[in-house]
Amino acid sequence: MFSSSSWSSDPALQPGPAIVSGLLQWLSQGPDAEVSRQFADWSTRSARAVELYGAHYQRTAILWQTMFARSRGAEPDAIVRPAPGDRRFAAAEWREDAYFDFIKQSYLLNAQFLSELVEAAEIEPRAKGRLRF
């Protein structure tokens with residue numbers, strides 16, 4: 001059984017830090033090790049990064065709640081929607097099938113979180129440009 005303390009202390013169950021950790025690991029394996037170092041330094045000491053982690057965690061929790069509500073027959077509003085003109089999710093299955101809708105919204109939430117984090121980062125402009133790519 002999970003207790004609230006085991007839930008909050010397990011990094012694998014914390015969506016924001018896990019995503020950033022994966023990004024930093026990927027960056028550190030190539031020519032962008034310095035970018036990774038700058039971003040890691042900023043993200044571990046920044047109050048803004050902590051705010052973004054918290055907001056992402058809340059949105060992810062709401063997404064899970066809507067998925068469970070949908071499994072019981074409810075039709076909750078989407079937490080996040082693709083940008084106008086984004087054709088990657090144009091097929092009806094992305095909207096109509098609860099499983100694919102969850103995958104779509106998870107992807108969009110994670111992409112939004114990483115974009116917000118990169119834009120908020122107080123790092124060199126060149127490093128920020130590499131992270132945007």
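A contact means heavy atoms within 4.5 Å. Among contacts in this protein between residues at least 6 apart in sequence, 60% join residues at least 24 apart.

The model is predicted: local features need pLDDT of at least 70, side-chain atom pairs count only at pLDDT 80 or more, and totals for chains, interfaces and linings use all residues. Residues are numbered from 1 along each chain as its sequence is written, and side-chain values use heavy atoms, leaving out hydrogens and water.

The protein has seven helices and zero strands. Helices (H or I, at least four residues) and strands (E, at least two) are DSSP runs, numbered from the N terminus. Along the sequence the pattern reads α-α-α-α-α-α-α.

The axes of α3 (residues 33–45) and α7 (residues 125–132) come within 10 Å and cross at roughly 100 degrees. Angles of 65 to 115 degrees count as roughly perpendicular, so α3 and α7 are roughly perpendicular to each other. Val35, Gln38 and Phe39 in α3 meet Ala127, Arg130 and Leu131 in α7.

Now the surface. The protein exposes about 8,800 Å², and carbon and sulfur atoms supply 57% of this area. Areas come from the Shrake-Rupley method with a 1.4 Å probe. Of the 133 residues, 32% count as buried. Buried means under 20% relative accessible area, exposed over 50%, and partly exposed in between.

Phe100 sits in helix α6 (residues 98–120). Phe100 counts as partly exposed because its relative accessibility is 33%. Tyr99, Phe100 and Ile103 make a nonpolar surface patch of about 290 Å². Patch residues have over 30% relative accessible area and no salt bridge, with nonpolar side chains joined within 5 Å. A salt bridge is a side-chain nitrogen of Lys or Arg within 4 Å of a carboxyl oxygen of Asp or Glu.

How values were computed
Patches are made of residues with over 30% relative accessible area and no salt bridge: like charges are joined within 9 Å, nonpolar side chains (Val, Leu, Ile, Met, Phe, Trp, Tyr) within 5 Å. Buried means under 20% relative accessible area, exposed over 50%, partly exposed in between (1.4 Å probe, protein chains only). Axes are lines fitted to C-alpha atoms, for helices over the stretch in contact, and angles run from 0 to 180 degrees between N-to-C directions. Angles under 35 degrees count as roughly parallel, over 145 as roughly antiparallel, 65 to 115 as roughly perpendicular and the rest as oblique.
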